[in-house]
Amino acid sequence: WAREARYGFLHRVAQACGAAICVAHAREDQAETVLLRLARGAGPGALAAMAPRRPDGVVRPLLEVGREELRRYARVRSLVSVVDASNDDLHRFRNRVRHDVLPRLSELLGVDATGRLARLADELRVESALAEVGIALVLDALDDPRRLPIAALSTEAAGRIVHAWLARLGVRASRVQVESVVAVTRSARPGGRVDLSGGARVERRYDEILRSGEHTSELQ
């Protein structure tokens, strides 16, 4: 709630002033986000972490700059900064990653783990963008957006295609639900069904799967 209120305020001020919104996420923030999402079982798209520009226009120009470099810059320029005391609370998962996990990982491996993870996020962002282009070509070619031929799911990218297909239809599916849909398409049985959130479901009808359930009339 606080985050939404903060960005809502910033957008109102930016619009009134004709200005852009820039936030100071640094390289360490990027690395922390990669590890946090990895711990939650995220896929390649989510592991790309924070993009230099958000869909709402907010810009992150400092993602490739380390915190210590930013601190030195602030000292040289006599800029005043404020440190939130909650950043030192080790009960928070991100703070444990920041103060314990990342420094220990760098020490044990003898490498700059922060820099490596941040670079991995950049590379995964490129790979995800390329994958999205290919998936879009598949979905744009559908005669009926609610129906997906099983033949389109014959590759290892089946899960990502199903996830993107459902997202286009306004359905948010978990990893488990997507895997269940893919399993139905792999089954020798010609029929099957997976219940999703919000009353939606996916049904297999021989050589295709169909998104059905609540609100499907809006898509016809």
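The axes of helix 5 and helix 6 come within 8 Å and cross at roughly 105° (axes are lines fitted to C-alpha atoms, for helices over the stretch in contact, with angles from 0 to 180 degrees between N-to-C directions). The two helices are therefore roughly perpendicular to each other, a class that spans 65 to 115 degrees. The model is predicted: local features need pLDDT of at least 70 and side-chain atom pairs count only at pLDDT 80 or more, while totals for chains, interfaces and linings use all residues. Residues are numbered from 1 along each chain as its sequence is written, and side-chain values use heavy atoms, with hydrogens and water left out. Helices (H or I, at least four residues) and strands (E, at least two) are DSSP runs, numbered from the N terminus.

At the contact of helix 5 with helix 6, Leu102, Leu105 and Ser106 of helix 5 meet Ala113, Thr114 and Leu117 of helix 6 (contact: heavy atoms within 4.5 Å). These residues divide into 4 nonpolar, 2 polar and no charged; Ala, Val, Leu, Ile, Met, Phe, Trp, Tyr, Cys and Pro count as nonpolar, Asp, Glu, Lys and Arg as charged, and the others, Gly among them, as polar.

Helix 5 (residues 93–109) bends by about 35° at Val101, with Pro103 following within four residues; the bend is the angle between axes fitted to the seven residues ending at a residue and the seven starting there. Asn95, Val97, Arg98, Leu102 and Ser106 of helix 5 are buried (under 20% relative accessible area, 1.4 Å probe, protein chains only). The buried residues of helix 5 pack against helix 2 (27–39), helix 4 (67–76) and helix 6 (113–140). Gly110, with a positive phi near 70°, follows helix 5.

An open sheet is formed by 4 strands in the order 1-4-3-2, with antiparallel pairing (two strands pair if DSSP finds at least two bridges between them). Strand 1 (147–149) and strand 2 (191–195) stand at the edges, each with a single partner strand, so one side of each lacks a neighbour in the sheet. Neighbouring strands are turned by 20° against each other on average, direction ignored.

Strand 2 and strand 3 run antiparallel and are joined by 5 bridges, with Val194 opposite Val202 in strand 3. Their hairpin has 4 residues between the strands, and Gly198 in the turn has a positive phi of about 70°. In strand 4, Arg211 is the bridge partner of Val202. Strand 3 (residues 200–205) and strand 4 (residues 208–213) pair over 6 bridges.

Note on methods:
Buried < 20%, exposed > 50% of the residue type's maximum accessible area, 1.4 Å probe, protein only. Parallel < 35°, antiparallel > 145°, perpendicular 65-115°, else oblique.
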